[in-house]
Number of protein chains: 2
Amino acid sequence: MDFVINQEMLYATDDKSLFYQEKEAFSGVNRISKKVMHDVELVFGYSPQATTDRNQLGKTAVLYGTVNHSPMIFELEEKKLIDLSEIKGKREVYLFQVIDHPFEGVEKALIIAGSDKRGTIYGLFHLSELLGVSPLVDWSGVMPKRKDSISLSEDLKYISKEPSVRYRGFFINDEWPAFGNWTMKNFGGFNVEMYDHVFELLLRLKGNYLWPAMWSARFSDDGPGLANAELADEYGIVMGASHHEPCLRYGEEYKYLRGEYSIYGDAWNFIQNREGITRFWEDGLKRSGKFENVITLGMRGEQDTSIMGKEATLADNINLLRDVLQTQNQLIRENINPNLSDVPRMLALYKEVEPFFYGDKDTPGLMNSEELEDVILMLCDDNHGNLRTLPTEEMRNHKGGYGMYYHFDYHGGPISYEWINSSYLPKIWEQMSMAYDFGIRDLWIVNVGDIATQEFPLSFFLDLAYDFEKWGTNAINKTDIYTKQWIQKQFGGVFSEDKMNKVFELLIGYTKIAHNRRPEHMNVDVYHPVNYMESDQLLQQIDYLLDIADELYNLVDSENLSAYFSLVYYPAVGNLNLQKMWLLTGKNHFDAKLGKMEANRLADQIRECLKRDRNLVEEYHTIDNGKWYGMGLSEHIGFINWNEEGCKYPTLMNVLPTSKPRLVVMVDGEEQYTEGPEWHNNKLYLNDFLQPDKNESSFTISSLSDLAAEYKIISKNQWLTCSKTSGSLDGRENTMEVIKVRIDRNAMNGETAGSIVVEMPCGLATIIVNAAQHDFSDLPDMTYVKTNGYISIEAEHYFLKKEATNEQGEVNRFLVLQGYGKTLSAMKAFPTTEYFTPGKDAPYLEYHFVVQEAGMYELELYMQPSNPVTTDHTLFCGVQANEDDISIVNALPEGYRVDDPNWAAGVLQNIRRHCSNIYCKEGLNTLRIYAVSPGFVLEKLVIYPEGKKPANSYLGPTETYYVGK
Amino acid sequence: MDFVINQEMLYATDDKSLFYQEKEAFSGVNRISKKVMHDVELVFGYSPQATTDRNQLGKTAVLYGTVNHSPMIFELEEKKLIDLSEIKGKREVYLFQVIDHPFEGVEKALIIAGSDKRGTIYGLFHLSELLGVSPLVDWSGVMPKRKDSISLSEDLKYISKEPSVRYRGFFINDEWPAFGNWTMKNFGGFNVEMYDHVFELLLRLKGNYLWPAMWSARFSDDGPGLANAELADEYGIVMGASHHEPCLRYGEEYKYLRGEYSIYGDAWNFIQNREGITRFWEDGLKRSGKFENVITLGMRGEQDTSIMGKEATLADNINLLRDVLQTQNQLIRENINPNLSDVPRMLALYKEVEPFFYGDKDTPGLMNSEELEDVILMLCDDNHGNLRTLPTEEMRNHKGGYGMYYHFDYHGGPISYEWINSSYLPKIWEQMSMAYDFGIRDLWIVNVGDIATQEFPLSFFLDLAYDFEKWGTNAINKTDIYTKQWIQKQFGGVFSEDKMNKVFELLIGYTKIAHNRRPEHMNVDVYHPVNYMESDQLLQQIDYLLDIADELYNLVDSENLSAYFSLVYYPAVGNLNLQKMWLLTGKNHFDAKLGKMEANRLADQIRECLKRDRNLVEEYHTIDNGKWYGMGLSEHIGFINWNEEGCKYPTLMNVLPTSKPRLVVMVDGEEQYTEGPEWHNNKLYLNDFLQPDKNESSFTISSLSDLAAEYKIISKNQWLTCSKTSGSLDGRENTMEVIKVRIDRNAMNGETAGSIVVEMPCGLATIIVNAAQHDFSDLPDMTYVKTNGYISIEAEHYFLKKEATNEQGEVNRFLVLQGYGKTLSAMKAFPTTEYFTPGKDAPYLEYHFVVQEAGMYELELYMQPSNPVTTDHTLFCGVQANEDDISIVNALPEGYRVDDPNWAAGVLQNIRRHCSNIYCKEGLNTLRIYAVSPGFVLEKLVIYPEGKKPANSYLGPTETYYVGK
């Protein structure tokens, strides 16, 4: 007989209880059980009862408890009804088992036994998940699907895994104006009422670790008093503090307490005010040391700055930091535990602290120093989702282990991103799984800004940290599956499968677009307004996605609107509409420079986008009775500084119609244009048909006046047809016309070029159509052929992929990372921690291509903007053209450093381009790209004759023809 | 008793005549006498009578005749009543004398006796001028002031001068769409009815030479038939044809006559179609050789292009041209006059023909070749008013003499100017008087485009050619006097003295502004929108002038409106409004980039300017019953090519108001700005008070939103006051506020800097006011002092001006050319033909200045963009700093050639800037600038520490402080 919960049972009026709330249980566990009982009510419509008296239990019971904190669990183990040996001594593990007759009167029981407090809590929430309750039930108001009944098999016995990463959590940061206004309005402050929701979110997502808001808030004072900290402790949440808030003191505390007559002095300076600062730290440890914490060590300047002036030497800084660490360790010994290795401590190697840790060739850093024994060394990304240095094989022996501080939100240079989610799961996967591979397994913390709209990537981040075996390195290309499961959890009861697929398209679509450029980083100069039609194609995709968003918006019922709006619609539409606005602005400026009347229509559309942006935030602020009020307040348009100061809306360009009827012709995807003047350039070149797989192309006629202007189109060749032969534009309603051009290659009879004449009021434009035909029948599939100036290759479209075996017999190989790339995908070598030697154990990708002229060519590699994993500032790959020697190439610019302009360009563009020269033969060429350094992730290759760079664009030239395309 | 004409006499009904029309007189002279009689009618209201019968004359008579063509004049001479010895044998001279009793019945006669036909005609028109009739009476409808009576002293005896230049005329060119449409509508073609007006204009302006319209017209066919040529001949007008229309054939004739079966063949090519072309020329000479002409020799390609392909060598070209010349001379001998030296001929050294004339070191050119004996060699300007090569002393011996082809209108590169007058008298004076000095005295022709609006500079050009002694080299700085006289002639009876001064301001004002930049050459990037406030100051000046134009427009009576409109208002307002439009566009773009709401107001103002431009042309086309219809049709806005193809109206930039109240502060005249952000630059620097003569400066607060935004202004120093201490902008009606800052230097008590704080919604801006005080009491007047980064000197403000004497004892000296300079004036050395040797006979200008730091400085000279007068492509001056050697500097860029990009920049900007380095001492420095090559015209000097160029601008930095300023 299965374990069944059903409506009937809950509705029964016999006053029997389903949940057993042991007096001996952790109070936090009992609090969580109430949340789970509320979940039960949401699912079945009736609230279950709980009792502290076994005799009040019904025939079916939920029995939970924690090893060593539950007489009941102890008793069941004694009775051999359950076996706790598999969970005892483990971290955060639970037994989840259906048993019969635990005690008199109870026929069927679900046992949830935790190895520790968090184990029990995760076990309880496991029940909620089985009931179909989303971890976002409370935070986002995701309503579970109603059920009549649920049954768990009588054989059910599940022992959860020990989480992959020890401390897993997030950091509420950059909380003004959004999170701050939200909590002030909804809760009256950064207090325990608000944190109860945050803690619940964290625990339901199987996290255990939190850095609280700290821009203006004082977690230990705002509860009010210690209430925040006490509730965290009750729930088993391990509190941390950000990288510059040591000894259980939050940054704002010192600001609050300092002063001329303060016992803590009036200088955040360990040299000038050693006594005051030490006392400040000591009192922090005394106050909060009783809770579960990971204590931040070290010292940085106030507000995320370095502590010593620019004059200080590296050695000065290291010595000061060592002094600080010694002082702090001593304070911890005295006030918390004489056995330091029992006290979780963390030092963040953030910004300027990184070099203090590594030192340089003359000055040893703090690495391996006794002050850091057992301390978790927290490494960091570059604030933009790219890891910085990672532990070398030797460093991985550090007993304290390593942590990683990652960002989904950042307030800083080159440009902040704080408004809405712009993180892309494949990138999080690629970076964080590499972090794990490199041994970073003790602490993962992600900066989620205001939390709101980050729920989707945050879920993934914490799931990855909890169960790396399931989602990590071995689960390559599973983020789509994750996304589908996540959608199922939130909207399983709301949308049909078909519509959930649309939610999927929307989430993948908007995050991929944001991955290509974050919304705050967008501006008029990002995408090229015409080249390769990259703006038009993206606009088309955005409009498709916006339509989906609206379709689902119109479909969702009112109960679920809020969850759909906050989790999907708002971040998606916010992102897409903003990107659209900038793309239209690029086109507006381009068209205005040519005087096209279309520019004025675009200007109107830009105004519409801005209006939509404002309305969207307004709706976010008012939906669900203002639940999210404030969360949309961050500026997000047109940053010209790292923060919003001086940010600018798009400048709209308007054109004044010419006084005579005038038209202009452009070949689509290119900057060529002409009005067909008598004395100036009146020829355009349409070269698309040089790509053998292209049989359709287009040009556009646009009006420069608001007067009726006629045109005629005359194709001079039978094998060329145009979609129109004449027409008229009025420059008001009809400002432009796209003319499709089709080619019939079979009718060309050896001709290699044709022409189209466009007669316009101010002249004749001739479009020369180049369409030389080639015979590629001798060439094998996947051979690229240069037919029009350059070759553009998606890295995934290699001719062959060569694995290699190292001395230990392990296989090194390139694998495709699907969707991870600005245009298609990316190639990365595994294992991710290895350095490979080309010609020995390095895997390689081989590309075949044909050029018509021998000579020097430029090879441009498009790569993820990975930072080097070590401090030598290099990131190598191997390049080999034909029979040439393998050239080991540093893909980083000379002198590259995180925070330098090259780095800044890379994180904004989310691409690194590197050029090198290769010699090509006439005819078939072979190019091999070898993996060398970790972090080499290849997206695209472009090859062109030296000095003849293809037209500029953001995404790079679209892929050119290969045999078999 | 004086010679009197009065109303009474004309009104008298006794049928007695005033004018004696001899049968023997030239018919053209009699035709002109009728025009003069019409002038008399306009003045007195009654028409005088004319008679061929002496007995019909009244007591008072006007007796005119031409030596050798007038029995009456012969008779008077015989009677010793007049003495013709002073005019006989002279060119175009007349005797103008009052005598008593020439014959029976006539008591008082005015004798007008011409040495030749044109002499008599000029004499007749001299009477009109004495009556107060403008030479523009017919062409522009300038109405003379009504008079009751006029009297000429009984002693009056005036013998006119022989004109300074032999052939003096203009070229109707670039006549579509303006002149062409005008004549089609008003006269039905390029026919004799139209030319009658053109001839009259030419003769009244004392010209004698014409190149007729030739874009589509055929002067010799359009009369109809030869009527145009016949009338010209009747009037004594010497016909020419443009530089590429040889042998009395107009360019379009060949197009009209050529063909497969034509006797002239079908190729404008002397190699392939020698026979046909020769015949074509021969028939032209036969047809038109009977008239008075200056026959164009040589051959160029059709439509102003070179004749041989690019492959041809210089020698090939020279040989071909020599062959052509020999052929043409032979045809002239055979068909016109075997004595070639009696036939006026001209070869234009235009464009590519110039090198064929000069040759190079390996290939002798055509200079001194027998084919060119007695041929007028016509040199040219660079199409933009700057002379090219001029005859060397040796070349001046050429018997045929020299001509100059000058431009007030041009259809060609870098940018055409064809719409309205944009020529400036001081420039015409400077260039054409130099031409005369260099011996160019046989032919002056000026391209006047459509004639319309060129009447003012054309009058000057022809007066200068007619009476060089009065207006030429010795009449330095008399163009203002000329202008006042010209205004008096046109509006003496219309406006009061006071208002005529306003006309003067308007004419000088708009032509000076056009001199700084022609209207067609204007674009958004010419003037800097903020630096040195050059745009604002020019806008202020333009608005002042526009107000004058409108004031006079409203004042003028309806009879004189048409003349005022066409001669003054239309070209002035057309120019000014167009310049204003572009200046506003520059500000619009600048403000839009900063997001200022002011940008939107500026956009509206730009629209207004465009509207005004269109309305102005419309009024021009309809005023006076459509008299000028068509003349305004030339495109004139936003040229992006050399011609109007693809021309663009200003792009209007609109800003979207920020969502929060935001303000921005700028220091006026500089690009600095700030919103006072916390994290970014929030300091501005006001350095104006470093100039000891400045006691007032300003900054501007502008709104970025359309929301009410408050500001407070706090001066931190007692000696600094601001014109406001607080205020508010709404971003709608009030988009900006200029705050005046005043300094009380006496109250500074040794302080050298102060500050002003501006509190705004988004932050605090601090304006640092630098005002270090200096003691200049030791320094003599005219010593410049670097107080703020650079020194800017108007060339006229020298410390001393040193004359020098050459071996012949002539004095060489610099003279001020008033008003000739973009900002103040210019300095030019005289005699203009001389090469000077610094240290010997070179005059120099000496400047004194003080710098605080010794070191290398850059000296930037601002000069007129003169071309070198010889073919060695150099234009030297001497520079000497302190005791250093005199450095002989080539002010032209390396490899400078007319038509190259440096030249193009020079003619568009109407300035040449040249930088050289000088070493300066700490303290007082001396700088001498020596004249070396002809054509060196210095406007301004800017000195700054090497590499520290002052902020960019069109006019250059405004003049800085000198002692005694």
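Helix H18 (558-594), helix H19 (598-626) and strand S17 (652-654) of chain B are the elements that give two or more residues to the side touching chain A; helices (H or I, at least four residues) and strands (E, at least two) are DSSP runs numbered from the N terminus. The model is predicted: local features need pLDDT of at least 70, side-chain atom pairs count only at pLDDT 80 or more, and totals for chains, interfaces and linings use all residues. Side-chain values use heavy atoms, with hydrogens and water left out, residues are numbered from 1 along each chain as its sequence is written, and chains are lettered from A and ligands numbered from 1 in the order in which they are written.

In the interface, 33 residues of chain B are in contact (heavy atoms within 4.5 Å) with 33 residues of chain A. The area buried between the chains, that is, the accessible area (1.4 Å probe) lost on being put together and summed over both, is about 3000 Å², and carbon and sulfur atoms give 52% of this area. Four salt bridges cross the interface, a salt bridge being a side-chain nitrogen of Lys or Arg within 4 Å of a carboxyl oxygen of Asp or Glu. B:Glu675 forms a salt bridge with A:Lys648, with the closest N and O atoms 3.7 Å apart.

Over all chains, the rule gives 114 salt bridges. In chain B, B:Lys499 pairs with B:Glu551 at 2.8 Å between the closest N and O atoms. B:Lys499 lies in helix H16 (residues 497-516) and B:Glu551 in helix H17 (residues 534-555), so the pair ties together parts 52 residues apart in sequence. B:Lys499 is buried at 17% relative accessible area, whereas B:Glu551 is partly exposed at 28% (buried, under 20%; exposed, over 50%; partly exposed, in between; 1.4 Å probe, protein chains only). A salt bridge also joins B:Asp543 and B:Lys580 (2.9 Å, N to O). This pair links helix H17 with helix H18 of chain B, its residues being 37 residues apart. B:Asp543 is partly exposed at 30% and B:Lys580 is buried at 18%.

Methods. Buried area is the accessible area (1.4 Å probe) that two parts lose on being put together, summed over both.
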